Amino acid sequence: MRLVFAGTPEPAVPSLARLVESPRHDVVAVLSRPDATAGRRGKPSPSPVARFAMDHDIPVLRPTKPNSEEFIDELAALAPECCAVVAYGALLREGLLAVPKHGWINLHFSLLPAWRGAAPVQAAIAAGDTVTGATTFQIEPALDSGPVYGVVTETVRPTDTAGELLERLSISGAALLATTLDGVADGSLTAVPQPSDGITIAPKITVEEARVRWDLPAHVVERRIRAVTPNPGAWTMIGDVRVKVGPVSVEESADTLPPGAIRVERKGVHIGTGSQPVALGVIQPPGKKPMNAVDWARGARLDENARAQ
């Protein structure tokens with residue numbers, strides 16, 4: 001089947017690679033978001049998907065307005081039979097959706113209708129879900145609401161960060177997307193409507209929302225930190241210094257600390273929450289690499305009244 005692939009970040013690359021390798025499909029072009037600035041010098045850099053496409057001599061389309069009449073005409077000229085989407089990063093309107101005869105088929109990293117939106121993996125971890133997965137569905141103008149072709153499930157491990165879980169889902173999801181497109185091409189698959197109940201929304205997480213709230217119960221703090229690791233990254237203020245923090249572990253003890261209070265011991269750094277303390281594993285001061293919390297505390301020489309907030 002003649003395909004255009006739409007995607008932007010690293011988790012979309014396994015799906016593109018799988019389709020490029022497939023003898024049943026021909027990826028004639030890749031649609032990705034415009035180059036973003038990266039590094040200290042702010043030099044524009046192609047997305048991971050665009051870079052993969054260029055390395056494999058596949059034309060890359062990077063429109064600033066993908067729903068414009070100009071781009072709709074450009075896409076139509078490629079005559080795709082179907083467009084495959086994995087984390088492209090822009091809403092697609094009716095005019096664009098109508099171009100390929102088999103429409104646009106999206107790989108979404110949740111078990112729809114749960115966690116529709118931009119941050120499904122982060123939401124699943126923060127909510128304490130024990131099982132999540134990936135879904136292929138037909139895109140409609142409404143957010144992640146189209147009929148479903150297939151699903152694959154994935155266990156959420158107790159220590160999973162969003163990055164680790166998304167890496168596994170990107171591999172299993174790539175196989176699901178390829179199988180879905182095979183079925184669409186030969187007519188063996190029919191999409192079924194999503195159920196009307198069980199709908200939850202997972203909007204994009206802002207940097208401000210990634211700030212740790214130490215007044216919440218320890219298990220909530222622990223999940224929220226894993227949910228935003230590595231992006232956008234959990235952070236807190238210690239005095240007037242903003243630091244990033246890595247995953248923490250919940251201390252199973254009757255000991256207590258006031259929320260945000262820091263206790264430094266020879267073998268660990270503990271921070272109080274709304275319930276029991278948590279042990280801090282990794283911390284990243286501004287301008288430095290991540291380091292062990294004990295080593296950081298030794299060099300920081302914290303005041304006994306220092307607090308994270």
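These legends accompany a set of close-up views of one predicted model.

View 1. The chain contains 8 helices and 17 strands, and its C-alpha trace spans about 65 × 45 × 30 Å along the principal axes. Of its 309 residues, 47% are buried. Among contacts between residues at least 6 apart in sequence, 64% join residues at least 24 apart. The accessible surface comes to about 15400 Å², with 52% of that belonging to carbon and sulfur atoms.

**View 2. Helix α1 packs through its buried residues.** In this helix, residues 13-21, the buried positions are Val-13, Ser-15, Leu-16, Ala-17 and Leu-19. Their packing partners include the strands β1 (2-7) and β2 (26-31), together with helix α6. Helix α2 (48-55) and the strands β6 (82-86) and β7 (104-108) are also packed against by the buried residues of α1.

**View 3. Arg-24 and Asp-182 form a salt bridge.** Their closest N and O atoms are 3.8 Å apart. Arg-24 sits in the loop between α1 and β2 and Asp-182 in helix α6, so this pair ties together parts that are 158 residues apart in sequence. With a relative accessible area of 42%, Arg-24 is partly exposed.

**View 4. Lys-101 meets Glu-81 in a salt bridge.** Here the closest N and O atoms are 3.9 Å apart. Lys-101 counts as exposed because its relative accessibility is 66%, while Glu-81, at 27%, counts as partly exposed.

**View 5. Arg-226 and Glu-222 pair within helix α7.** This salt bridge has an N to O distance of 2.6 Å. The two residues are 4 apart in the helix (residues 218-227), about one turn, and both are buried. In a separate network, salt bridges that share partners join Arg-24, Asp-182 and Asp-186.

**View 6. Arg-168 is a buried residue of helix α6.** The helix covers residues 162-186. Arg-168 has a relative accessibility of 17%, so it falls under the 20% cut-off for buried residues. Leaving aside residues up to four places away in sequence, Arg-168 touches Glu-154, Thr-155, Arg-157 and Asp-160.

**View 7. Arg-242 places its charged end over the ring of Trp-235.** The distance to the ring centre is 3.9 Å. As for aromatic pairs, the structure holds 0.

**View 8. Four residues form a nonpolar surface patch.** Leu-91, Leu-143, Ile-199 and Ile-201 together have about 360 Å² of accessible area. Leu-143 belongs to the loop between β8 (131-138) and β9 (148-155), and its 42% relative accessibility makes it partly exposed.

Technical notes. Residues are numbered from 1 along each chain as its sequence is written. This is a predicted model: local features need pLDDT of at least 70, side-chain atom pairs count only at pLDDT 80 or more; totals for chains, interfaces and linings use all residues. Side-chain values use heavy atoms; hydrogens and water are left out. Patches are made of residues with over 30% relative accessible area and no salt bridge: like charges are joined within 9 Å, nonpolar side chains (Val, Leu, Ile, Met, Phe, Trp, Tyr) within 5 Å. Accessible areas come from the Shrake-Rupley method with a 1.4 Å probe; for residues, only the protein chains shown count as cover. A salt bridge is a side-chain nitrogen of Lys or Arg within 4 Å of a carboxyl oxygen of Asp or Glu. Buried means under 20% relative accessible area, exposed over 50%, partly exposed in between (1.4 Å probe, protein chains only). Rings of Phe, Tyr and Trp (its six-membered ring) pair if their centres lie within 6.5 Å; planes under 30 degrees apart count as stacked, over 60 as edge-to-face and the rest as tilted. A charge sits over a ring if NZ of Lys or CZ of Arg is within 6 Å of the ring centre and within 35 degrees of the ring normal. Contact means heavy atoms within 4.5 Å.
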